Amino acid sequence: MAGHRQALTAMQAGLASCHVCGKLQYSGADQHCVRCGSRLFQRKPFSVQRSWAFLITALILYVPANLYPIMNTTSLGITDENTIIGGVILLWSVKSYPVAVIIFIASIVIPLLKFLVISLLLFSIWKGHSIKLNQQTRLFRIIEYIGPWSMIDVFVVILLVALIQFGGIATVLPGSAAMAFAGMVIATMLSALSFDTRLLWDSE
Amino acid sequence: MLQQNLPVDDMIACHSCDLLHQRTALVEGEKAWCSRCGSLLYRTSNNTIEMALALTIASLLLFLFAQLLPFLSINVEGNKTTIYLVSTIDTLSQLDNLLLGIAGALFLVVIPLGVLLLDLLLLGALYSNTRPLTQFARQLLLLIGRLAPWNMLEIFLLGVLVTIVKLASIAEISLHQGFWAFVALVMINLFVSTTLEPEELWQAIDKH
Ligand SMILES: [Zn+2]
Ligand SMILES: [Zn+2]
């Protein structure tokens, strides 16, 4: 444990820790960090608004990402359009259980979990709910960490497109959902990066 | 409410809940946690700048090997194709899907290589104390911090593994040196990112 507890936050003491380098310093209006020169804020500016904006963008992109095919496979003149969930079902049907589970979690469960948790926490800030703040903070850190893992399916499409050139036997082309899906993951990451967990604790 | 006499240089505010804590010296490998929300406050890195520099140089070499050596080969009914990672971007750029090509180039080459080169410059400057370079150390570390969340090499590795399993049902796959160089690169990257503490780099820069 680091020292004894002081029941004071940096904001209450008129201090700010730099969002970029973490340096603690006295805070004033329109100030720049003494160590790294970044603009100094006590809380991330427009955190709630930016989080919501990116989250809603992600939600909108989530629809085409799941409805449209993520890749089109042409084999012997027959074209298959694979949606994300279709790909998971296909993997399951050929008994590729571990891969089916990985794609299902990364592409479907993690984005939904991220939407749910971030909107819950934003709601909690809005209402000033200061219950179980420990759990709320931990939940956010987990979501923040697992978020980028959703990109797996985009990487798989990129790799399959580039790798499969079986001299005309089969071709794989990216579907319209691939970019929507990549955009959705990037938007949820930006939403999490804009979120400031300190706002949860400010109501305590 | 303002207390102008707080020893701010010996204090730290929790990044998750903003509670102030007094910094105390830690034994190597020890971590300090927030007393209110339980988040990690700071830790000592069990990695020196010298060690991190050596690992960065090794990573750059492995990155080149992974890109330029044969990555894997696909064998469909006697029709064998060997694939290089570097040609992935080339193939994508030939498609009319420009956005996916750009995304691929960014996530597979530009960001990971950019972070490694910035690491090399920063650690090299701090290690050798080269005057013109140390002046840019702050900007280098700022840029590394900005790029870090978008560096997804380990996620790409899982993508490679999933792709291999998917292809293994229709073709015979053999892995080559490029693939193993990539695995080693990801391992080293994970090790460096979990052992090198940015705060200690900032403190090292402050000393210059
Ligand atoms: Zn700063
Ligand atoms: Zn805390």
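## About the model

We're looking at a predicted model, where local features need pLDDT of at least 70 and side-chain atom pairs count only at pLDDT 80 or more, while totals for chains, interfaces and linings use all residues. Residues are numbered from 1 along each chain as its sequence is written, chains are lettered from A and ligands numbered from 1 in the order written, and side-chain values use heavy atoms, leaving out hydrogens and water.

## Where the chains meet

Chain A puts 63 residues into the contact and chain B puts in 66 (contact means heavy atoms within 4.5 Å). About 6100 Å² is buried between them, with carbon and sulfur atoms giving 71% of that area. Buried area here is the accessible area (1.4 Å probe) that two parts lose on being put together, summed over both.

There are also 11 residue pairs in polar contact across this interface, both residues at pLDDT 80 or more. For a polar contact, a pair of N or O atoms lies within 3.5 Å; within protein, one must be able to donate a hydrogen and the other to accept it, and residues adjacent in sequence count only if both atoms are side-chain atoms. On the side of chain A that touches chain B, α5(A) gives the most, with 11 residues (helices are DSSP runs of H or I, at least four residues, and strands are runs of E, at least two, numbered from the N terminus).

## Salt bridges

Over all chains, the structure holds 11 salt bridges, and the count between chain A and chain B is four. The rule wants a side-chain nitrogen of Lys or Arg within 4 Å of a carboxyl oxygen of Asp or Glu. One of them joins A:Lys23 to B:Asp9, at 3.2 Å from N to O.

## Two zinc sites

Which residues hold the zinc ion (ligand 1)? They are A:Cys18, A:Cys21, A:Cys33 and A:Cys36, each using its SG atom, at 2.2 to 2.3 Å (donors are N, O and S atoms within 2.8 Å of the metal, or 3.2 Å for Na, K and Ca; water is not among the atoms, so sites may look incomplete). Their spacing along the chain is C-x2-C-x11-C-x2-C. The angles run from 103 to 112°, which makes this arrangement tetrahedral (four donors count as such if all angles lie between 85 and 135 degrees).

The zinc ion (ligand 2) has B:Cys14, B:Cys17, B:Cys34 and B:Cys37 as its protein donors, through SG at 2.3 Å. Here the spacing reads C-x2-C-x16-C-x2-C. Angles of 102 to 113° make this arrangement tetrahedral.

Conventions. Tetrahedral: all angles 85-135°; square planar, octahedral: opposite > 155°, others 65-115°.
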